[in-house]
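Please examine the sequence and the model displayed here before reading on.

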Amino acid sequence: MGALPMIVGSFSVTLLSTLLALPFALGSAIFVVEISPRFGRTVFQPVVELLVGIPSVVYGLIGLTIVVAWCRGWSNTTGFGIFSGSIVLAVMILPTITSLSIDALTAVPKAYREGAYGIGASRWQTIWHVVLRAAMPSLCTAVVLGMTRAFGEALAVQMVIGNAAQVPDGLFTPASTLTSVLTMGIGNEMMGTVYSDVLWSLALLLLAMSFVFISVIHFIERKGGLNVNGR
């Protein structure tokens, strides 16, 4: 199978963690910018951004002692797997997506909101049909940056995913990611061995995926700029 199990594991935890974090991040950004700006800016946003400063090993330890044990209790499995890794990653990328989404919503001109209110739109109609649509390119960039953060995380995922070199057949099947395999193996192999070459090849693949994410971000920003200019 080669690198297929690690590639599948990496994309699985990245996509699922993004799906779990996105509703909370977007809802938090709307709350801070549109619902309660004073409380959101002074209390809520700083609390969310504090999550960025927590080391990865702390997230991994919490995931190992709480998330894995919780999954083990009701899933009748070991608790290690894609689902546990996705929950931990969702918490880790939540501040990134939230902060960038707040900036995206804040950048929407007030004239857009005033125009919507002027034609009789309610607050939620204005948010849904005007603010979110105007900020969509920047919101997409925030999501992709969150996915990049999730795709490159190593230590926390390694502690909760199970580190089994197999294609997962379910959310609660132990799996592995590119970063978890690199973290476990790169310090224990001598340069020049076959396994060392394999690990460096996986690192090159991880670098290539980072370039893909960056290219997607530039594409979204370019298309967003074209839409704003009306061309």
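Helices (H or I, at least four residues) and strands (E, at least two) are DSSP runs, numbered from the N terminus. The model is a predicted one, in which local features need pLDDT of at least 70, side-chain atom pairs count only at pLDDT 80 or more, and totals for chains, interfaces and linings use all residues. Residues are numbered from 1 along each chain as its sequence is written, and side-chain values use heavy atoms, with hydrogens and water left out.

Q158 has a relative accessible area of 19% and is therefore buried, a term that means under 20% relative accessible area, with exposed being over 50% and partly exposed in between (1.4 Å probe, protein chains only). Leaving aside residues up to four places away in sequence, Q158 touches N163, S180, T183 and M184; contact means heavy atoms within 4.5 Å.

The second residue, S17, belongs to helix α1 (residues 4-35). Its relative accessible area is 0%, so S17 is buried. With residues up to four places away in sequence not counted, S17 touches S86, L89, A90, I93 and A150. The side chain of S17 also reaches the backbone oxygen of V13, at 2.7 Å.

Confidence is expressed as pLDDT, the predictor's confidence in each residue, from 0 to 100. For the protein chain the mean pLDDT is 86, and 94% of its residues reach 70 or more. Over residues 225-231, the pLDDT is below 50, and this stretch has 1 contact in the model beyond near neighbours in sequence.

Key:
Polar contact = N/O pair within 3.5 Å; in protein donor to acceptor, adjacent residues only side chain to side chain.
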